[in-house]
Amino acid sequence: MPDPNGFLRYPRQLPARRPVPVRISDWREVYPPADEQLIRQQATRCMDCGIPFCHDGCPLGNRIPDWNDLVRTGGWAAAIEALHATNNFPEFTGRLCPAPCEAACVLGLGADPVAIKQVEVEIVNRAFDLDLVTPEAVPAPTGKRVAVVGSGPAGLAAAQQLARAGHAVTVYERDDAIGGLLRYGIPDFKLEKQHIDRRLEQLTAEGVHFETGVDVGVDVTAEQLRAEYDAVLLACGALAGRDTPETPGRALRGIHQAMEHLVAANRVVSGRAEPADSSRSGEESTPIDAAGRHVVIIGGGDTGADCLGVAHRQGAAGVHQLDQYPQPPHTRDGDRDPWPTWPWILRDYPAHEEGGERVFAVAVQEFVDDGTGAVRAVRIAEVTVEKRDGRRIVTAVPGTERELPADLVLLAIGFEGTEEQPLLDQFGLARNGRGAIDARPDWQTSTDGVFVAGDMHRGASLIVWAIAEGRAAAAAIHAYLGGVGDLPAPVSPSAQPLAVRR
């Protein structure tokens, strides 16, 4: 029975972040492990609502009140069982998910919501510390084989579910290490890669086979996969970065997609690449490095904040992060974003307290040439943003133009869907208007026996949705292969987050 007065006795509190001067000198995670008493107090704030809307905020359907109460009473072993019942990788979501469950927390109607995300990550941290995360017993083989293309959270979740059902699963990854964007797209100060590696040990012990450095559609053809496997799951992500080709000066040296910067930095941190050459003459060195440079990050979301944190750790001379929208309010606007939907509020990431300047309601007018073909500044103007016929119209305000020094510009303005790549043509697939791959109600694409899940199907989204889609697609594949019983399927291909229709 939960403590009915817990939320009255304890305010919302998170563990203190590592001091800024310390953490920007390394790549370790920002948050240290939390004190057990703190986490048990935070779990005690959960009211065990009669109708827990946090379940609806979370596409995985995590049993949040259940494991909150188990943590409250010190039942760590039972808590990780309840958490793993719906989530294959809580160490990823607990670190990386923006927590739509907290936005839907009933306590958030009149107070600060329960620190659900922090409780989640502490459950799995302690589970690993107590050696409670072990491989599950592998059932008798079904004789069916499944290929999973892509090793991000959707592909890994599907692979684990299918292997636990007795199918032989091979995961193909074109990079030199497993993890997708978890490996090279997410900086270590948000997710140290040991968390990926120890989970991969579990998947390997459960029978999942991994092939790295294999570009499906190039090194292995779709025809070969169709001949060798009984089903194929495509989980290749949505890595086609949005660009601004119409902006004057876009072709100048020193302007890059954000993921180029993040991947390069992550490869250096992992020891798989050498640091950039300090020479500025001629073509820029690879990987891209912000050391000593004036950096302008275009885009105010998660990816932009990741670039900001990387730039600090690389020793940037200064950083501006630009957002074309006005600065959001600090608290939920009940008329615009009623509970329990995801609110439009100002989100401060740890990287923002480390330095740099955020500039709202501005848009880039021109990238300025230094005379040698490299960028030296970004010309911006203040803008107004209004909605017309469902579209946002951005208008520059005359007389507000100014320049920001910039010899490194990073474009973090979102993604246009999955990349155009040979495997699409080979499987007979085409991107839809959102740059994604459509799925039928059973998660199959227009090609029988070929399934799709995660960002490749949904478009760039949250890690919790990727895991949910991977689990659901695995259930559909299991049924397609004639598997015994049903696997959990938390979402359908048409499922959408809680939102207000406008």
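I began with helix H5 and looked up what its buried residues pack against. I found helix H3 (36–44), helix H4 (54–57), helix H6 (76–84), helix H8 (100–103) and helix H9 (116–129). The model I am reading is a predicted one.

Next I asked which residues of H5 are buried. H5 covers residues 64–72, and its buried residues are Ile64, Pro65, Trp67, Asn68 and Val71. I then looked at what comes after the helix. Gly74 follows H5, and its phi is positive, near 80°.

**Confidence**

I checked the pLDDT before going further. The chain has a mean of 94. A pLDDT of 70 or more is reached by 97% of the residues. One stretch needs a flag: over residues 278–285 the value is below 50. In the model, this stretch still has 12 contacts beyond near neighbours in sequence. Where pLDDT is low, the predicted coordinates should not be read in detail. I therefore leave the details of such coordinates alone.

**H6 against H9**

I turned to two of the helices that H5 packs against, H6 and H9. How do these two helices cross, left-handed or right-handed? H6 passes H9 in a left-handed crossing. The packing angle is about 115°, and the axes lie 9 Å apart. I listed the residues that make the contact. H6 brings Trp76, Ala79, Ile80 and Leu83. H9 brings Glu120, Glu122, Ile123, Val124, Arg126 and Ala127. Sorting the residues of this contact gave me 7 nonpolar, 3 charged and no polar.

**The sheet**

I then moved to the strands. I found an open sheet of 5 strands, paired in parallel. I read the order as S3-S2-S1-S4-S14. Which strands sit at the edges? They are strand S3 (209–212) and strand S14 (450–452), and each pairs on one side only.

I took a closer look at strand S1, residues 145–149, and its partner S2, residues 168–173. The two strands run parallel, and 5 bridges join them. I picked out two places along the pair. Arg145 stands opposite Ala168 in S2. Ala147 stands opposite Thr170 in S2.

Last, I asked how many of the residues of S1 are buried. The count is 4 of its 5 residues, so by the cut-off of under 20% relative accessible area I noted S1 as mostly covered.

Note on methods:
Residues numbered from 1 in each chain as written. Predicted model: local features only at pLDDT ≥ 70, side-chain atom pairs only at ≥ 80, totals over all residues. Heavy atoms only, no water. Buried < 20%, exposed > 50% of the residue type's maximum accessible area, 1.4 Å probe, protein only. Contact = heavy atoms within 4.5 Å. Pairing = 2+ DSSP bridges. pLDDT = per-residue confidence, 0-100. Axes fitted to C-alpha atoms, helices over the stretch in contact; angles between N-to-C directions. Left-handed = near helix turned anticlockwise from the far one by under 90°. Nonpolar A, V, L, I, M, F, W, Y, C, P; charged D, E, K, R; others polar.
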